[in-house]
Amino acid sequence: MWRRAASLSPFISSSGSLIRNHQTAYNLKIWESFTTEIPTQVKGGKGPFICFVLGGPGSGKGTQCAKIVKNYGLTHLSAGELLRREIASNSEYGTTILNTIKEGKIVPSEVTVSLIQKEMESSDSKKFLIDGFPRSEENRAAFERIMGAEPDIVLFFDCPEEEMVNRVLNRNEGRVDDNIDTVRKRLQVFKALNLPVINYYARRGKLYTINAVGTVDEIFEQVRAVFAALKLVTE
Ligand SMILES: Nc1ncnc2c1ncn2[C@@H]1O[C@H](COP(=O)(O)OP(=O)(O)O)[C@@H](O)[C@H]1O
Ligand SMILES: Nc1ccn([C@@H]2O[C@H](COP(=O)(O)OP(=O)(O)O)[C@@H](O)[C@H]2O)c(=O)n1
Ligand SMILES: [Mg+2]
């Protein structure tokens, strides 16, 4: 079992410098994301803790998720990894998914949500880190509809485009979408479809913006501050 404290720690609520004074690469009105209360869960606290992890391609989501898993024991579900696994398994949607990923577009939400759903329902975990999802309003609405759940918090790894492009082009994981043409398309999709979702969560007081420039450890210190403030406790 695990639990959350009833309010944010003084660290975040009093100084807030980690997030509050951060000028985002995309000029988001991050001040709107502040709340002095822990976000409430739609399921009355009965469902698992859900943290969505958002950010452009190459912003460091996967890298930081690995550290969150190690330090806080959340179960990591990467939407992109689930889709790539589906391609590799020659499933009926494999070709469609592959072509969509090559184009840097968003796979139909029903497909992605059903993969996430399968993972969540077959897991005993009570805390999930859902990486690279929701990528669009359609993704978000489908998750809410199918899962009947909302995230408790949303981390946004905010990174300048030039840095994201450099990281993607140097990633060396053999991905079909890690090339300059696809990454340019992915950045357009990110701005058109994902930024509105990020703004939505900012307005809902659920967004925690992390400055994604710096060393992996420096960035993780910001993540640690968010989790510390939420007092996520594993029992
Ligand atoms: N803080 C960082 N500084 C420089 N490179 C990084 C940093 N964090 C991650 N990377 C590298 O950038 C690439 C993209 O990181 P990744 O975690 O896969 O991002 P995302 O999941 O957001 O696309 C990887 O090669 C990773 O090793
Ligand atoms: N919710 C999602 C997540 C990924 N994807 C697809 O999978 C690709 C790779 O996603 P990813 O999360 O692994 O990519 P990174 O941001 O980690 O580089 C995206 O560009 C989309 O084409 C999707 O369609 N819907
Ligand atoms: Mg990733």
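This is a predicted model: local features need pLDDT of at least 70, side-chain atom pairs count only at pLDDT 80 or more; totals for chains, interfaces and linings use all residues.
**Stop 1: ligand 1**

Select ligand 1 and the residues around it. There are 14 of them, the closest being Gly 58, Lys 61, Thr 63, Arg 171 and Gly 214 (a residue counts if one of its heavy atoms lies within 4 Å). Now look at the oxygen atoms of the ligand. One is 2.8 Å from an N or O atom in the side chain of Arg 171, and a backbone N or O atom of Lys 61 also lies 2.8 Å from a ligand oxygen. On its own, ligand 1 has 560 Å² of accessible area, and the protein covers 74% of that (Shrake-Rupley method, 1.4 Å probe).

**Stop 2: ligand 2**

The side chain of Lys 61 has an N or O atom 2.7 Å from an oxygen of ligand 2. Backbone atoms take part too: an N or O atom of Lys 105 is 2.6 Å from a ligand oxygen, and one of Gly 132 is 3.0 Å from a ligand nitrogen. The protein buries 96% of the 530 Å² that ligand 2 exposes when taken alone.

**Stop 3: Asn 139**

Next, pick Asn 139, which an unreviewed UniProt entry annotates as "binding site"; such annotations may be inferred rather than shown by experiment. Asn 139 is in helix α7, residues 137–147 (a DSSP run of H or I, at least four residues). Is Asn 139 buried or exposed? Asn 139 is buried, because its relative accessibility is 2% (buried means under 20%, exposed over 50%; 1.4 Å probe, protein chains only). Show its side chain together with that of Ser 109: a polar contact of 2.9 Å joins them (N or O atoms within 3.5 Å, one able to donate a hydrogen and the other to accept it).

**Stop 4: the cysteines**

Finally, select Cys 159. It is buried at 1% relative accessibility, and its sulfur is too far for a bond, because the closest cysteine sulfur, in Cys 65, is 15 Å away. Cys 51 is buried as well, at 0%.

Definitions and conventions: Residues are numbered from 1 along each chain as its sequence is written. Chains are lettered from A and ligands numbered from 1 in the order in which they are written. Side-chain values use heavy atoms; hydrogens and water are left out. Helices (H or I, at least four residues) and strands (E, at least two) are DSSP runs, numbered from the N terminus. A disulfide is a pair of cysteine sulfur atoms within 2.5 Å.
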